[in-house]
Amino acid sequence: MSYESKIFKELSLPNRDEVIHVLLMSLLKRNGYIKEFGSGNQEFVNELADLLGLSIQQRSFLMQTIVKKEGRIKTFPAWHRLLFRAADTAAKENLLSHPKDTLKITGKREWMLTEKGCDEAFRLSKIPIVRKQELPIITYEVQKIKNSLEKAERIKNYNPVDTTKRTKITTRESLLRSRGFRQAIIQSYDYRCCICGLKIASPDNLTWEVEAAHIVPNRFYGKDDIWNGIALCHFHHWSFDVGWFTLRNDFTIEVNDRIEKIPREHGYMGNFDILRQSLKPNKSIVLPKKNSIFPHENAISWHRNNIFLHTK
Ligand SMILES: [Zn+2]
């Protein structure tokens, strides 16, 4: 038995699989990623120790190892060593992306769930796997798709309608792409509705109220491209989909004239006239920082011609 294993055993520390399980479940609660453990991330390390019910002695026992390259003895908590070993094993089993690999796709040294690790975390947390499509979990695979959507070269004659989609069946790739689309949109718009600015997460921090809305909707085979999306709260998503408003090519809001004809008592939330007060004609939507990911004028024109003008 190695020196390390002997110490882990003497301290009755949990086994590696138990540590991997709490690690995966905790990553799921943090949307799939966490910065590398170390002196700067003690809060997360303590949280895992709490979940595993570690005693003070188990958390603080110091072990020594010889750093071969430098020929010196280094002292650090045995529990940290175990945690690192567990994360490393999880990365070898393709449950996590190692910080050196995540760095290449996020620019940050983070442990990140892979799709395989994410599925395992759902199983362990007893969350139905169908929720994977709606929860904002960023896995290694989703992050790669998100990157490709954000970095794609803007196309002048962009067609927001996917003409091949009519015959396509749902594949693992199309599900991943739709998650990548959603994350790319809501992050680009800082998790806010681009009309009213609402930004609110669920109490468990797992979901955001804001939705990634397709400008050319899914039912019309709108593409999962960043140029065919805007972030909208549930209410404004509905209002946009049914044609209460559209966008002009300069990203200002055009409101449906029928708003003047709706019954006086409609459109209120308590005393607040939410429909009329939040849809200010000619006001500009709040756009992302980079103009390369602004909504495409071809998608906007499609919405104006095919949804908005039909409902006037
Ligand atoms: Zn809104």
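Here is a short tour of this predicted model, one selection at a time. Residues are numbered from 1 along each chain as its sequence is written. Because the model is predicted, local features need pLDDT of at least 70 and side-chain atom pairs count only at pLDDT 80 or more, while totals for chains, interfaces and linings use all residues.

**Whole protein.** Start zoomed out: the C-alpha trace spans about 80 × 45 × 35 Å along its principal axes. Colour by secondary structure and you'll get twelve helices and nine strands (DSSP runs numbered from the N terminus: helices are H or I with at least four residues, strands are E with at least two). Of the 312 residues, 32% count as buried (20 or more other C-beta atoms within 10 Å of the residue's own; exposed is 12 or fewer, partly exposed is in between, and C-beta atoms are placed from the backbone).

**Select 62–67.** That's strand 2, and it is hardly covered: the count of buried residues among its six residues is zero. Click Gln64 and you'll find Thr75 of strand 3 opposite. Four residues sit between the strands of this hairpin, and Gly71 takes a positive phi near 60°.

**Select 140–151.** This is helix 8, with twelve residues. Which of its residues are buried? Tyr140, Glu141, Val142, Gln143, Ile145, Lys146 and Leu149. Show their neighbours too: these buried residues pack against strand 4 (96–97), helix 6 (99–106), strand 5 (110–113), helix 7 (115–125) and helix 9 (172–188), where a contact means backbone-placed C-beta atoms within 7 Å.

How values were computed
The expected span of a helix is 1.5 Å times one less than its number of residues. Two residues are in contact if their C-beta atoms, placed from the backbone, lie within 7 Å. Two strands pair if DSSP finds at least two bridges between them.
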